[in-house]
Amino acid sequence: MTSHRTSLGALIDRSQPLSFSFDGRQYQGYKGDTLASALLANGVRVMGRSFKYHRPRGPWGAWVDDPNAIMTVTLNGRSFPNCAATTTPLVDGMQARAVNAWPSAAFDIKSGLDLFHRWLSAGFYYKTFMWPDWHLFEPMIRKMAGLGGISRDVLEDYSADQLYEQCDVLVIGGGAAGLAAARAAAEAGKQVVLVDDHPALGGGLYQMHEVESVAAVDWIAEQVRAITSAGGRILSATTAFGVYDHQLVGLAESGPFGTPPRLHRMRARQIILATGALDRPITFAGNDRPGVMSVDGACEYLARYGVLVGQKVALISNNSLADAAERLLTDAGAQILRLDPHVGALRTVGGKKLRGISQGALRHDVDTVLASGGMTPLVHLWRHAGGKLLWCETRQAFLPGTAPDGMVAIGAANGAFDLEVSLSEARAAGVGRNPGVSTTSYTLAPLWPKPGSKGRQWIDFQHDVTLKDVELAARENYVSVEHLKRYTTLGMASDQGKTSNMAGLAAMAAVQGRPLPEVGTTTFRPPFVPMPLEMYHGQHGKQLWHPLKRLALEPQHRGADAALGEYGGWLRPGWYGKGEAKDLIRQEVLTARASAGIMDASPLGKIEVMGPDAEAFVNFIYYNTIKTLKPGHIRYGFMLTEGGIVMDDGVIARLDQNRFVISCSSSHVDSVRTHLEAWRQDGNDPDRIFIHDLTQQWATLTITGPKARDILSALSLDVDLSATAFPHMSLREARFDDTPLRIARVSFTGDLSYELSIRRAKAPALWDAVMRSGAAQGAAPIGIEALSILRAEKGYIMIGKDTDGETMPHDLGFGIPRLKKTAPFIGDRSLHNDKANGALRKSLVGLVVPSGTAPLPTGAHLVEGTPPRSLGYVTSSYDSPTLGRPVALGLVENGTARIGETITVHHLGESRTATISAPCAFDPEGERLHA
Amino acid sequence: MQIFTCPFCGPRNETEFHFAGELGKIRPATAEKITAQEWASYLYTQRNEKGRVQEVWMHLTCSELFVMERDSVSMQVLDTRSLREDAQ
């Protein structure tokens, strides 16, 4: 069956046969093959179906310039959709299946769609499926069109490595120019990295017998040796897929099949682009038939894979590079018929199988048609970097023009199609000289699509865009190339226009009678070839993305059977004990109300603000007046944004005249610290204010509940704990275990509470002492879940949960500073704009449900009227163990004035009622708080 | 990804930085009467120039604000200096 395989040469290893299947049939290839080359060697040409008409498709190119042979490949039970057969190295045991074809590419039941092509022109879907609603038809159309289906299996261990690297010179492309440039740069002492997307370096050199009087393979080996011995690094099978700001180049290094590429983020001081050029198709009738291939592709199949694609070959080319190709193929035994594309209209003959080609009245029986409409330099990366393009009339191609920073193009990418020119450019660029525009012996007779000519002439093979579609788009005034692309989907195939763009642009230029360069190109965007999303994602998740902050007392919590979870970036106890979480949390709430709860509150912010201007500074930062706060006292307050929106709440304690501690919310510490730093440095004298975030240096234990005072007195600290000597919202400094201890009497539960803060290293000793004395009073540790309920019973808010991006302090019942505070503060003016003064602001309320009904769903809307209009929503909702009924908080339009009203609560299609109340449902007089 | 040069720490990836504002924006003296237009302009109006711009950025890892001059078209960073140095 290896009828197309040559007996000698090429880069395959004929001693290592590999078995694989395609569309259910078994074949054999060799190590070094790609899926496409192995199939061609076996005489298989139909490797896929087109996107829209389900026309049979065979490979056009031999590498990244092929839009046709797309397969789902299964290896070791794992399936990968949309693998390009031309770039997928063959592995023993691969099972490949053509995408968009069933049961096989050769016999596809949807191929009948092609008969309706007259009605399936550009914009067909938009025009036809308008009524009654596109969305009605979309699922069916999506199912019919499209490429490979995604596997629903989760791929274990499919994780891309990511590396951050830099080099002096990055050479992209390992053909003649790239090798020569990398060598010159490495030998000049530069730190060089050379990348090439093929597994074997050398570019198109394998098509040549000799390079600089040496056999091509030896010349390549010599360059590789010289580069590596000069300290250069070579990454083969590595695609430079994008160039980003400040010379950052994305490199995707392929590993074994079934592994994601390894991403190198390479920062290069200089980039040498030696990406080569591609053959472009010729637009003629039936040019999409399997067996029509690029001239360069056929030469690559022969030179790299030992595959002679045909015996009787028509070679149609408009340029001088065809002569070398003819010699190469003739030497390998092909019979070549040269046809001049200018002398008459071309049309392929045959069905799925190509039988010949006719030109005018003449018909030639051939098995293969090779076409080249000229070379298109690969300038994608040049454009990513912001380089300009220049139209070259001689070469009929866009060449690199004004260079982007730190980049130079050489070789075929720069229009140097002669080897000697290419090598001299490369050696100049390697030592830092700019080669400029190259001379060339290359000649071609311009050949572009001819509007109005007969037959179905393909421009985009995968997406079935024909010359007629471009003409139609022009008639319907989609004349800008960007509109043309989106209307016809030209260039939107998985090769992103590598084969179709130039013909499409030329066709549009011809239809409008404008010069081609005036039509311009569409935008080149990364990635150069499709990349799995996993490559960008890599290990950027979980701990490596956002490391958890750990409590000093984590071992103690684990010892007490804590259910540890992530809360605001910290790993902290949600609740304690083994059993049903709901029951355990409920018990913790009851214990805290009956005796006391002991809680690790270490994540609470502890940002110290010090210095002679500290008082004025915090007074400006806070919505509330802070300058009247006396040392040893604490005040609750809000920080606002300049837009007047509540950003954080918490308490601030004054230690002495010039020293404050800001206790911001646990999850807002980083943003509050940044906020403070920004205002300290901009608008203040930074030498008179110092901000020191000690959150992680101090541990905090909270004792909350009616027995809190008894528990604390058992620690025998030298502090008078009586309510008169140490009232609510005050602070005392004491010593514990010979270490400073701060005791803050503040409460987030509505019960008597003390927050004890101590140096992190002393936390275990404090924990042991508090737990011991707590046990004697029937106290127990409580987690963050119980705290959430305790604070909701009392109507205490959590910023970001009970507030949203529009909440101002007066919406939360804190309206006095807005009216009375005279000193400037952040957000002050915003609290008096029309919006802030509006009558229908959402304000914080409590919600009471009829007895015996379930808690309200958080997020449920509070509605009024017909049709219902949302007045607000439920922000917090719990079953209160203390009150024996549900409690809820919500934000409701004009809520404070509606207290006592009954309102409809709407959620997921169901309606209930609730009565609006004050937010505080527990101990509204605050007797327990001040006990 | 761009490279910005913190005047204190040297060249780093842009992910370490946070844009603070355009240089030269003065907070209105809110102890006085400020019209809604003036305040809205302070909050929301940006010069958003094309070409050479002067901005204040924070390097999050050292928390220092600094002035950066850069080209908003070519993304070239032209100069960075500390905010204090700029004020002097």
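At what angle do helix 4 and helix 5 of chain A pack, and how far apart are their axes? The points below take up this question and then turn to other parts of the model, which is predicted.

1. Helix 4 (residues 176-187) and helix 5 (residues 216-229) of chain A pack at an angle of about 30°, and their axes lie 9 Å apart. Angles under 35 degrees count as roughly parallel, so helix 4 of chain A is roughly parallel to helix 5 of chain A. The crossing of these two helices of chain A is left-handed.

2. Which residues make this contact? Helix 4 of chain A contributes Leu179(A), Ala180(A), Ala182(A), Arg183(A), Ala186(A) and Glu187(A). From helix 5 of chain A come Ile220(A), Gln223(A), Ala226(A) and Ile227(A). Sorted by class, the contact of helix 4 with helix 5 of chain A has 7 nonpolar, 1 polar and 2 charged residues.

3. On the side of helix 17 of chain A, the contact with helix 22 is made by Ile585(A), Glu588(A), Val589(A) and Ala592(A). Helix 22 of chain A answers with Glu785(A), Ala786(A), Ile789(A) and Leu790(A). The residues of this contact between helix 17 and helix 22 of chain A comprise 6 nonpolar, no polar and 2 charged.

4. Chain A also holds an open sheet of 5 strands, ordered 2-1-7-5-6, with mixed pairing. Strand 2 (25-31) and strand 6 (78-84) of chain A are the edge strands, each pairing on one side only. From one strand to the next, the twist averages 35°.

5. How do strand 5 and strand 6 of chain A run, and how many bridges join them? Strand 5 (residues 70-75) and strand 6 of chain A run antiparallel and are joined by 5 bridges. In strand 6 of chain A, Ser79(A) is the bridge partner of Thr74(A).

6. The contact between the chains takes 16 residues from chain A and 18 residues from chain B. Within chain B, helix 1 (36-44) and strand 4 (52-59) each supply at least two residues of the side that touches chain A. Helix 1 of chain B gives the largest share of that side, 3 residues. By class, the side of chain B that touches chain A has 14 nonpolar, 3 polar and 1 charged residues.

Methods. Residues numbered from 1 in each chain as written. Chains lettered and ligands numbered in written order. Predicted model: local features only at pLDDT ≥ 70, side-chain atom pairs only at ≥ 80, totals over all residues. Pairing = 2+ DSSP bridges. Helix = DSSP H or I, 4+ residues; strand = E, 2+ residues; numbered from the N terminus. Axes fitted to C-alpha atoms, helices over the stretch in contact; angles between N-to-C directions. Parallel < 35°, antiparallel > 145°, perpendicular 65-115°, else oblique. Left-handed = near helix turned anticlockwise from the far one by under 90°. Contact = placed C-beta atoms within 7 Å. Nonpolar A, V, L, I, M, F, W, Y, C, P; charged D, E, K, R; others polar.
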